[in-house]
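Reader: Please show me the structure, then take my questions one at a time.

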Amino acid sequence: MSEALREVPGARQQDAPEEHTGNPDTTRGRQDNAAFEDTEPDARRARVHRTFRSLLSPDPWKRGPVPAALALLLGLLMPLHTHITDRGGLGSLVETFLPWSGLLVPVLLAAALWRRSATATVALLLPVVTWLSLFGGLLLDKSQPGGDLTVVSHNVNADNPDPAGTARALAASGTDLLALEEMTPRTTAVYARELARTYPYHTVQDTVGLWSRLPLSQSRPVDVLRGNAGPLARTRQAEDLPADPPRALRATVATDQGPLAVYVVHLGSVRLMPRNGFWTDSRDVGANALAKAVAAERNERVVVLGDLNGTTDDRALDGLTAQLRSAQEAAGHGFGFSWPASFPVARIDQILVRGVEPKNAWVLPATGSDHLPVAAALGW
């Protein structure tokens, strides 16, 4: 009896651990999971704490001097672009693509965050504020209802494979005035034939033309000196070739509110040349000649339509933009990029006005040209 009593407690003592512990591997797994669940929130809090501590410590203000300097340089470049030298056309090139400078902000922001640089992050406020002050207004929809006259300008491209289709698409837009640039003798006849039913009046001067629903008068060429400047002029003189014919015209449109002076223009192209860089000589002298013609215009109401091969930020067009308003900037929505048609990056096709009120401005769908047509509704 005593031996049995002594054995039973012993047996209970041996069985107890097995009864309470169960499978050792399962127990350890539960303990590890519990420990992981307990420590995971702590680890996250620790990481967040370390991040904020690193940002608030003096070190972040010493990190990233290069992205900080680039941010400040970008912020100063945008408002001071007119002070960039135009040697080799550098200033004009920068001004043509100035709106795209905003894309550098997220790049510099990524560099600042990667370097955990508080200095670079704060420095980025300068280019952000500057870009918004210069271009933020273009992102707003400034269009208004109404309009007494609609106008369209389109560089139809001398190599357009479907001039007839382009003409029909433009006529279907319902515009009152249609300005075409870069026509050839062959395509001029095509446009005249296809547009005759919609537009009873038209005038053509070499490669530019104006089609109208309203009567036209006093049409004449305007010399914008395309081939009379720079290397092109020297080449023509050396080869005893005549100067380029004028690629601009001026006509008077009879409206219910009185006469409207309309200029259709195709300024000289800009080119990247090995020795001359971003060559703009022809365009620049043509812009000056056009500005003088507009300044001498006696009619109070003026509309300039055409491919100016420059944006309104380009210093070469200062003589025009000082006298005229951009319809896109006054009544458009967005930048209204028009070139190249496959992926527009710049608005070099312009509608500039004086004495009339832009009500709306937009870009029409692509045709067979490498430019997009630009349109505007004008009020008196």
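**Surface patch, sheet and chain totals**

Author: A nonpolar surface patch is formed by Leu72, Leu76, Leu80 and Leu126, which together have about 320 Å² of accessible area. The model is a predicted one.

Reader: Why does Leu76 count as partly exposed?

Author: Leu76 belongs to helix α3, residues 65–77. Partly exposed covers the range between under 20% (buried) and over 50% (exposed). Leu76 falls in that range because its relative accessibility is 45%.

Reader: Which strands stand at the edges of the open sheet, each with a single partner strand?

Author: The sheet has 6 strands with mixed pairing, in the order β5-β6-β7-β10-β12-β11. One side of each edge strand has no neighbour in the sheet, so the edge strands are β5 (216–221) and β11 (325–326).

Reader: Which residue in β12 stands opposite Val304?

Author: Strands β10 (residues 302–307) and β12 (residues 349–354) run antiparallel and are joined by 6 bridges. In β12, the residue opposite Val304 is Leu352.

Reader: At about what angle to β7 does helix α11 run?

Author: Helix α11 spans residues 281–295 and lies across β7 (258–266), β10 and β12. Its angle to β7 is about 175°.

Reader: What percentage of contacts between residues at least 6 apart in sequence join residues at least 24 apart?

Author: The protein chain contains 13 helices and 14 strands. Of its 380 residues, 43% are buried. For contacts between residues at least 6 apart in sequence, the part joining residues at least 24 apart is 72%.

Technical notes. Residues numbered from 1 in each chain as written. Predicted model: local features only at pLDDT ≥ 70, side-chain atom pairs only at ≥ 80, totals over all residues. Heavy atoms only, no water. Pairing = 2+ DSSP bridges. Helix = DSSP H or I, 4+ residues; strand = E, 2+ residues; numbered from the N terminus. Contact = heavy atoms within 4.5 Å. Axes fitted to C-alpha atoms, helices over the stretch in contact; angles between N-to-C directions. Patch = residues over 30% accessible without salt bridge, like charges linked within 9 Å, V, L, I, M, F, W, Y side chains within 5 Å. Areas by Shrake-Rupley, 256 points an atom, 1.4 Å probe, with all protein chains shown as cover. Salt bridge = Lys/Arg side-chain N within 4 Å of Asp/Glu carboxyl O. Buried < 20%, exposed > 50% of the residue type's maximum accessible area, 1.4 Å probe, protein only.
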